[in-house]
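Hi everyone, and thanks for making time for this one. Let me put the sequence and the model up on the screen, and then I'll talk you through it.

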Amino acid sequence: MEKPTCFSNFLENSKPYFAMISLQFGYAGMNIITKVSLNRGMSHYVLVVYRHAFATAVIAPFAFFFERKKQPKITFPVFMQIFILALLGPVIDQNFYYAGLKFTSPTFSCAMSNMLPAMTFVMAVICRMEKLDMKTVRCQAKVAGTVVTVAGAMLMTLYKGPIVQMLWSKYIHPKSSYVTDTTGTGDKHWFLGSVLLTIATLAWASLFILQNKALKTYKDHQLSLTSLVCFIGTLQAIAVTFVMEHKPSVWKIGFDMNLLAAAYAGIVTSSISYYVQGLVMKKRGPVFATAFSPLMMIIVAIMGSFILAEKIFLGRYVLGAVLIVAGLYSVLWGKHKEGLENRDDEIPEAIKGCHVNGTAVVSVMDGNDVEANQVKNAEANKLSSVAICMPLSELPVVKAGK
């Protein structure tokens, strides 16, 4: 009788690990499939539209059946909150992320997405939502992690270094339309791609800072909020596409890689991940979920070398990525320590799985962290986290965001 009990306990305790590892494979697949679609000529503006159309179609029915009672009234201030969330997430974040992905590579984009927690911390300080107390170890860890993360991003952008040969590189011959250009003529666009990815991450960090009021209004209707953000984001993305793309042919989509990219991103990374991350968050907390994000980068690097013949450079990928991951864990450790110190006042947190910027990176918003306004009431402690994975993503966090 003891063996079955031990085995069942092992399975129960392992579920969060299996869930997060599976999500990282899901995010990695999104980055690879999207890159192939972009290489084959699909407009990233159109991809954003179709992605969120799929996400809305999947999430809206669940919101209707499970949250149709006592829906919050959509007043003008509430509508503007949703409008801005949709603008920051589905429109700005994902369009810039996809554009950056097109100019760089999936591995590089995933690595840059790990800057999100540090960038959110910086924005919270600028907005005076986070107080710097350099006498505390947790604050020192956040600041040091932010500096190391920025250094890693700069190293990845400015220094390429020698090629790191994979054991299987000589035996892989992908289709030419799949291949990612990481050398030669692609170098002139690499810096531009880095800037676009940074802007995408900045937009997603801004979403975290501004989402607190919307979460209060929709605390018991998070699926509804996610559906509204995706729907409004789809309409906004359509308007942007009409302005940026003037050929009707860009809207054509068949049963090909373009359809797979849009459906996969909308259904898997913007819908399924929302539910799975919510379950993991409730059981193990946001730091646990975020700690798995570097795994996606490793998976993407291996898959990219097989499918896209992506070349791994020592400076651009290995050294820069190591610095970014080290900075990420330093920031997360600071957040974790702060959460322990303020456990009595702790409230649910919003996370993003990415990324968009895809991405697929998870960003943490501590309820006690000044990055989100504190809500000190009994019901707040019972709220569940809202996670929208967007490209990056992606659902837009409401969390969206990714």
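I'll go from the overall picture to the helices, then to the ring pairs, the charges and the surface.

Before that, some housekeeping. This is a predicted model, so please keep in mind that local features need pLDDT of at least 70, that side-chain atom pairs count only at pLDDT 80 or more, and that totals for chains, interfaces and linings use all residues. Residues are numbered from 1 along each chain as its sequence is written, and side-chain values use heavy atoms, with hydrogens and water left out.

Now the overview. The chain has 13 helices and four strands; these are DSSP runs numbered from the N terminus, with helices being H or I of at least four residues and strands E of at least two. Of the 402 residues in the chain, 55% are buried. Buried here is under 20% relative accessible area, exposed is over 50%, and partly exposed is in between, with a 1.4 Å probe and protein chains only. The chain exposes about 17,700 Å², and carbon and sulfur atoms supply 68% of that. Those areas come from the Shrake-Rupley method with a 1.4 Å probe, and for residues only the protein chains shown count as cover.

Let's go to helix 2, residues 44-67. Valine 46 lies in this helix, and at 0% relative accessibility it counts as buried. What is valine 46 in contact with, leaving aside its neighbours within four places in sequence? The partners are Thr241, Val250 and Trp251, where contact means heavy atoms within 4.5 Å. Valine 46 and threonine 241 are 195 residues apart in sequence, but their C-alpha atoms are 6.4 Å apart in space.

That brings us to the rings. The structure holds eight aromatic pairs. Rings of Phe, Tyr and Trp (its six-membered ring) pair if their centres lie within 6.5 Å; planes under 30 degrees apart count as stacked, over 60 as edge-to-face, and the rest as tilted. One of the pairs is tyrosine 50 with tryptophan 251, edge-to-face, at 6.3 Å centre to centre and 90° between the planes. Tyrosine 50 is in helix 2 and tryptophan 251 is in the loop between helix 9 (222-244) and helix 10 (257-284), so this pair ties together parts that are 201 residues apart in sequence. Ring pairs also bring in Phe242, linking Tyr50, Phe242 and Trp251 into a cluster.

Another pair is phenylalanine 62 with phenylalanine 66: the centres are 6.3 Å apart and the planes are at 5°, so this one is stacked. Both of these phenylalanines lie in helix 2, four residues apart, about one turn of the helix. Phenylalanine 62 is partly exposed at 45% relative accessibility, while phenylalanine 66 is exposed at 64%.

In the loop between helix 2 and helix 3 you'll find lysine 70. Lysine 70 has a positive phi of about 55° although it is not a glycine, and it is exposed, with a relative accessible area of 78%. As a reminder, most residues other than glycine have a negative phi.

Ile74, Phe76, Phe79, Phe83, Ile84, Leu87 and Leu210 make a nonpolar patch of about 640 Å². Patches are made of residues with over 30% relative accessible area and no salt bridge; like charges are joined within 9 Å, and nonpolar side chains (Val, Leu, Ile, Met, Phe, Trp, Tyr) within 5 Å. Which helix gives the most to the nonpolar patch? That is helix 3, residues 76-103, with five residues.

What about charges? A search of the whole structure finds one salt bridge, meaning a side-chain nitrogen of Lys or Arg within 4 Å of a carboxyl oxygen of Asp or Glu. The side chains of glutamate 12 and lysine 15 form it, at 3.3 Å from N to O. Both residues lie in helix 1 (residues 2-39), three residues apart, about one turn of the helix. Glutamate 12 is partly exposed at 37% relative accessible area, and lysine 15 is partly exposed at 49%.

One last stop: serine 109, in helix 4 (residues 106-113). Serine 109 is buried, at 0% relative accessible area. Not counting residues up to four places away in sequence, serine 109 touches Tyr97, Gly100, Leu101, Thr104 and Leu197.

Thanks, everyone.
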